[in-house]
Every structure is written in C-alpha cells, then in structure tokens.
Amino acid sequence: MNGYLGIDLGSTTTKAVYVDGAGNVLGRGITDTRANFEAASAVARAEALADARFKLLATMLDGASALAGQARLLHRRSERRARLERLERRSLDLAAGAGDDASNLRAAVEQLFAELSRRTASAPAEALFADALLSEAAGIAEGASLVSSVPYERLAGIFERALVADDADATTLDPAAAIASLATGTAPETVQRAVDRCLAEPLAVDAQAGTGYGRHRLPFAKEEIRSEILCHGLGCKSTFSRTRTVLDIGGQDTKAIQLDERGLVTSFQMNDRCAAGCGRYLGYVADELGLDLSALGPMAMASHRPARINSTCTVFAGTEIRERLALGELREDVVAGLHRAIVVRAMSLLARSGGVANELTFSGGVGRNPAVVKFLRELVAEHYGNVTINVSAESIYAGALGAALFARLERVPC
Amino acid sequence: MTNDGDVRKDEGMVRQKALMASHAARLREAHGAGKKVVATFVPGNLTELLLSFDVVPSYPEIHALQAGMRRASDGYIREAERAGHAEDVCSYVKSDVGMALSGAVGEGGDRLPAPDLLLLSFTGCATFFKWFENLRRQHGAPIAMLQVPYQADGAITDEMRGYVVRQLERDVIPALERLTGRRYDEERLREHLRRSREAEDHLVAVLESARARPSPIDAYFGAVYYVGPIFSAFRGTEEAVTYYRELRAEVEERTRLHQGPITPDGPLKSERYRLVAEGTPCWTSFRDMWKMFADEGAVIVASTYSKVGGLYDRGFRHDPDRPLESLAEYCLGCYTNLSLPTRLDLLERYVKEYDADGFVVHSVKSCKAFGAGQVVLLRELERRTGKPGCFLESDLVDSRYFSHAHFRNRLESYLQALAISRRGIA
C-alpha cells in the first residue's frame, strides 16, 4: 500500500498521520513531545503506522472487528509493560547509587512499580503520556511515604529522573506480535487468513513532510518541511471540504487562516504574543481555581448569566476572578465569562485576518471545550450571520494530516 | 553576530558609513570649533536651512537607531524606564533619554554635544512634541517650533504651504539668527537646495533601478543605508551629490550585469520573491531580519520607510527658485505626514510598478505614526492588488518585542504560501 506521512511536532504533543495515495487517512498517532525531537517524531510515526495496521486488520476481519480491538489492547499493554520495565530498571539503577539508603529505596521502587503496573494494567488502549504516569507515580509515592521510611521526595524524585532519562528512548513494539497472536490454532480460518494478509501488507512511506514549531529540528530534508499554518489549513479542508476559514486555538498560539477553494492559504493572522488569547489562559484559570482543565468547560456550561470579564491580560484575570468571587458572583458565571473572553479575542483575530467566511472550521485542543464552542457559535452568528461551524475531536491531527497531504501532493505529478 | 559589523556591504554602504562617521566627528568637534548644534527630526528636516547658518545638525532618531544596531538601546531603555518612562512610550525616545542618562556616548564612543536649539518639526508624529519637551527640560535649550499640517485630504493647499512658510519666516529663521548671530542668507540656502535637487535626481534613479529583474538593490534593507546621507546632515552638500552620483553608477553597473543586491552573507544568488515593504525596520535585529528575507531569495523592491525623509520618487524636488516654499512642501510631503488613503495609493502603485509578488507590513510597537491603520492597509491593499500580504510585528530598538521564532514562522509561512500558489497544486 502506498502511503504518505505527515508529522506535526508541537509544543505539548507530537502527531503523525499516514494517508494513502488518494489522501484518505489510514492511521494516526500521537505522543507527548519530549526534549528529544527525533524520539518524539519516531514514536509518533510508529504509532500512526501501528494504528494503520490495526485498522487494516479490522477491515480484513470484516464482521469480526472486535478482534482487532482486542489485538490493539494487547499491543498497548505489551508496550506499557515494556516501558514500565525500562523505567523500573532505570529507577533501580538510580536507587542503587543512593548510598546507605539503597536497599530501602530499592524495595520502595519495586513496590511503586508493582502498584503502577497493577493500576495501568486495565487502562484503555490510548497512549499513556509521561505527565499522566508521573502523576500516578507521585500519588503512589505519597501513599508509600506514609507507611515507610522512604521520604516522598526521594521516591518521586527517582521516578521523575528515570522518566527524564527515558525521554530520548524511542523504543516501540511491532504490532505484528499482537496481531499474530490472534491466529491461534483454534481461531477460525477467516481470522487466520485476515491476520496473514494484514501482516503481509507493506506500509510504505513514499514521501513525508514535517511541520510544527519544532519542524526545523526534525530529521527531514529542508524540502520536506512545511509551515504549520499551511498544513493546518489543508488538513482542516480535507476533513471538512467546504472550509474557507480556520480558527485554531492552541495551547500557546492562536491562528486565524483564510483558505481558497483548494485549501491553500490566502491570508492569516497569528496571536503568538499574548497568552490571554490562547489555551494557556484557560490553563491559568484552572490553576487559579484549583480545578482540572477538563472541568472548566462543563462548569461554564452550567452558567445562566456569564460575567463580563474586563481584563485583557491572563495574569490580571486572576485578580479579577478573585475579586468577583469575593463579591459573591457564582463560579460558573465567572468561568463562563472567562470562556467568552477568550472567544472575543479570537473574533478580533478573525476580523483582522479577513473575517469569517462560510464554512468555519474550529480546530486546536481548545476546540474540545464545549463552552468555548458555544460562545464561538454565538459570536459568529452575531457578527457574521448563518455560518456553518465545524468542530471535530480529530482536529488535533489537522496539522499532521495537512503535512501528509502536502507530501502526497508534492510527489504526485501535476 | 552584530547588526552591522558582520554584514557584507556593497561599496555604497561602505561609503555611507564613512560619511555618517564624518558627521559624527563634526558633531563631536562642533562646540570646540565654535559652532552651534541644532537637534531636529528626519521627517520634515530643514538641513539646507541649517547648513546655510553653518550650524551642525543632530538627529536623535538616528542616534537611537544606531544605538539599536549596536545593541546598546536595551540598556538605555531600561534606564529610561527606571527614570519613570512608561512601557508604551516609543523606544526611540527611551533609548535617547536613557543614552543621555548614561553619559550621552554616541556611535563613535564619544560624548554627544548638548543641543543649543531644538528645532521641533512636527510632521505626523505627536511623540516628537513630548520628546523635545523632555530634551528642553534636560538641556535648557529653547525650542523653535515648526508645525506642519497633516495632509488629511491628500493634497497640499496654498494655505498649508503659506502657514509653514510664515512659521519659517517668523519663528524658525529668527531663532537661528539669534542662535548664531548671523543673518539669514537666502543665496546660501539656494546653493544648498541646488545641490539637494541634483542629489535627489540620482537617488531616485537608484530607487527606481529596482524595477529591473533581478533588482540590483534591496529597497528596504539596502535602502536604509542609501538614504542615510540624504535624510540627514548631508542633503544640500557637495558630498551628497558625489555620494549619490557614485551610488547611481554602481547600481547602474549592477543592473547592466543583471546582478542582485548584497545580502548579509554576500551577493544574492537568486531572486525568488519580489516584495514591497511597509513600515520601519527592526534595528536591534536588523541583520537577523534581513537574513530571513535574503535566505529565501526575497528582495524588497520598494518600501515606504525609504520615503520618511521625502517622496522624491513621486516627483518632489527641493527648488532653489522657491526656497522657503519648497522647504514647506518637503515637510508637508514626508511619508508619515500623508493620509491613510494616500499611503494606500502609494503602496498600490509600488506593488504594480515594481511588479511585486506580494508585500509585507512590518508593524512596530513603538510607532503609532506608522502603525495606526496598518491592518486596514494590509486588507485594502490585498483587495486592490490581488496580491497577498504578510503581517510581521516587532519593534524599533526594544529587543524585547522581537521574537525570532515567531517572526520567522510568519514570514516562512507567507513565502511558502506564495510559492505554492505560484506552483499550483494538483
């Protein structure tokens, strides 16, 4: 099977998308971006190709596609086990060098990993990111420190250092093992045949392109690097074919992009200077209120009377939040007001870029926040009338998809 | 990498530096030689008049940009902010104030002389007022004010011209007479204006050479060197006539040989994009910014910044037969004194006359005179020319506002979009 790969090296996550000769998505992969960009892009690539392999299996299994899910889960658990084993080895090495406390530490490390393995054994098939692992391990270490002589900082510190050292490790498992395990002696012949066909299919990468802020550090030739503005535009257009304007609110920047009928960028405006217009703003709000980021949107949705937030600055928004709450305003109203504020800034950016043309595709991590989507729909309707607004959970892959499509387009003779 | 020291230069740039250095020496020696120093601004400068009184002009804007180029401005700005200047004050002002607070050491490493007169030519920039009010407080020097009406309706009327001429006659010339103890010498002024006119003819030929493919000059990064003499102490001098005559010959030779302009790393190998530039440069990251364009083969073929000291390429010349009237017209016609519709028309003409692929708008935090309306310019110009524009942001001499990664991301994305739309896609 011919294929083209796009890699989007972002500040928080690195995504990869694998498409076929017609530009259809065959597989997607995501991992957390590390200090080592080569490792991050290698893992994302492996994830995308593995995803493609499992999707292929599901197609070939036809009516028995639950088996493909089973294989995927098995694969993920094997990977997780391998990773934890690696981390445990690193942690034990670190503990061994700890001087007179070494044997206590070793025991504590072993217990921590036993508990961690137990907890993650039944986790779903998505990739487990480093911060989630660290959070889980920190919780275990805290509990352990209450019943042992090993202080929390030492144990959690060892885990964190092991994680950092593991950062550059791009080891991934070949999904072939998990897939092959389905073709046991007692499996029906249809399954055996599907497994054989699936494993025999080569997943070629005929061309690739890289994008994202880290793109110049990708191990790609200069001709294979594309701006993420272009990739984002093309990626959104591919998912929603009538897209003419893209709004992407990411963690660290916001883009308003205008596209022509081919999905090529005609103009764009960036907010790459002010956190108040980006996802970072919501992260700050969550910290201020002691909430999980994912709890913000639902809380805002519960508001019946969003507050008008005046601060233009993320830092000063904190003062305003505290003041309003002290004056008795409801939390959900204040939080709703903050969500509205971020959309108002996005509207300003959109206006500067040339306005909102039908259809508007809203992408970026912040697109998963229902309250932001709600206010966007309201404000777009108010200023631009009846515009179709596309929102998709898959939009985090838009940049990588666009890169893959550029790889495909530039290779295909015109 | 420094902004100027490591930049490869063509002969015109090398000679320019020598000229500017000679002026710095004259400034340094002014008081010692019994001459008066008059501080003034580049837009609306009256250099010929000052030369006719044998005073030495001093340009705080130029000191500020030089401080930016040698990366001293950040320190000066901090001094100024410590002394109470707000963050959103123009960074030229803060650099100048801070430089004075730090001992007033200029480009050559010598102390700059305190001005004896502050010639406040107000052309389109309100900040000039407060700047010179500060300098008056600082130095005790008097202000001679020249209020230049804004060209709101896109034309110079007889009333406007007359108003400026009357101020020259009633306020500025008497102030210079009092300062120097000399009488106004109209014949001397005419002589200087004659030389100005000749130099201006050569400059326009240099600027218009960019119509060629490939362009032999960069009309923004290169042009800031070329306009240095004529925007400052040399317009009206024999040195300027020589400089621009030689520059023209150099550029004509490059045109004949189909050579592109110099870039920080050497002669440009291949002109891939022709762009028009609106807005000031970023001085603290001048080389960095220039290289971003040059590395992509992007040449600026026309710019508005190179017109802040006069729109010679649209036909204006200093006129020895109408000395005070043409000085008035000069001040009225500087770029930052033009209305937004006029600026838009000018940009549109540049895009068309210089066969540009697109344009960039470089908006700087400090400058409201340039900045106000730049997004409107961008959108309108795209609409009128059908060519795409790129919006870049940084600052004049405050390096806190220049982010290399973000700047480059925007420019690269823009040029990639240009390239792809040129190539077409299956």
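The following conversation goes through a predicted model, in which two protein chains touch, one question at a time.

Colleague: How many residues does chain A give to the contact with chain B?
Modeller: The model is predicted, and in it chain A and chain B bury about 2200 Å² between them, with 52% of that area on carbon and sulfur atoms. The contact takes 24 residues from chain B, while the number taken from chain A is 27 residues.

Colleague: What is the distance between the closest N and O atoms of B:R410 and A:D272?
Modeller: The rule finds two salt bridges across the interface of chain A and chain B, and B:R410 forms a salt bridge with A:D272. A salt bridge needs a side-chain nitrogen of Lys or Arg within 4 Å of a carboxyl oxygen of Asp or Glu. For B:R410 and A:D272 the closest N and O atoms are apart by 2.7 Å.

Colleague: Which element gives the most residues to the side of chain A that touches chain B?
Modeller: There are nine residue pairs in polar contact between chain A and chain B. The elements giving two or more residues to the side of chain A that touches chain B are α8, β7, α12 and α14 of chain A. With six residues, the one that gives the most is β7(A).

Colleague: Where does B:E296 lie, given that its side chain meets that of A:K222 in a salt bridge?
Modeller: The side chains of B:E296 and A:K222 meet at 4.0 Å, N to O. A:K222 lies in the loop between β4 and α8 of chain A, and its partner lies in chain B, so the pair joins two chains. The place of B:E296 is the loop between α12 (286-295) and β8 (298-303) of chain B.

Colleague: Is B:A417 buried or exposed?
Modeller: B:A417 is found in helix α17 of chain B, and, leaving aside neighbours within four places in sequence, B:A417 is in contact with A:L230 and A:V265. Its relative accessible area is 13%, and since buried means under 20%, B:A417 is buried.

Colleague: Which helix holds both A:R119 and A:E115?
Modeller: The side chains of A:R119 and A:E115 meet in a salt bridge, 3.0 Å from N to O. A:R119 is partly exposed at 38%, and A:E115 counts as partly exposed at 22%. They are four residues apart, about one turn of the helix, and both lie in helix α3 (residues 102-121) of chain A.

Colleague: How many residues are in the largest nonpolar core?
Modeller: In soluble globular proteins, nonpolar side chains tend to be buried together. Here the residues with the most contacts inside the largest core are B:L49, B:Y92, B:L275, B:W283 and B:F293. Among the contacts of B:L49, leaving aside neighbours within four places in sequence, are B:L168, B:V172 and B:L327. The number of residues in the largest nonpolar core is 163.

Conventions
Residues numbered from 1 in each chain as written. Chains lettered and ligands numbered in written order. Predicted model: local features only at pLDDT ≥ 70, side-chain atom pairs only at ≥ 80, totals over all residues. Heavy atoms only, no water. Contact = heavy atoms within 4.5 Å. Buried area = accessible area lost by both parts, 1.4 Å probe. Polar contact = N/O pair within 3.5 Å; in protein donor to acceptor, adjacent residues only side chain to side chain. Buried < 20%, exposed > 50% of the residue type's maximum accessible area, 1.4 Å probe, protein only. Core = buried A, V, L, I, M, F, W, Y, C linked by side-chain atoms within 4.5 Å.
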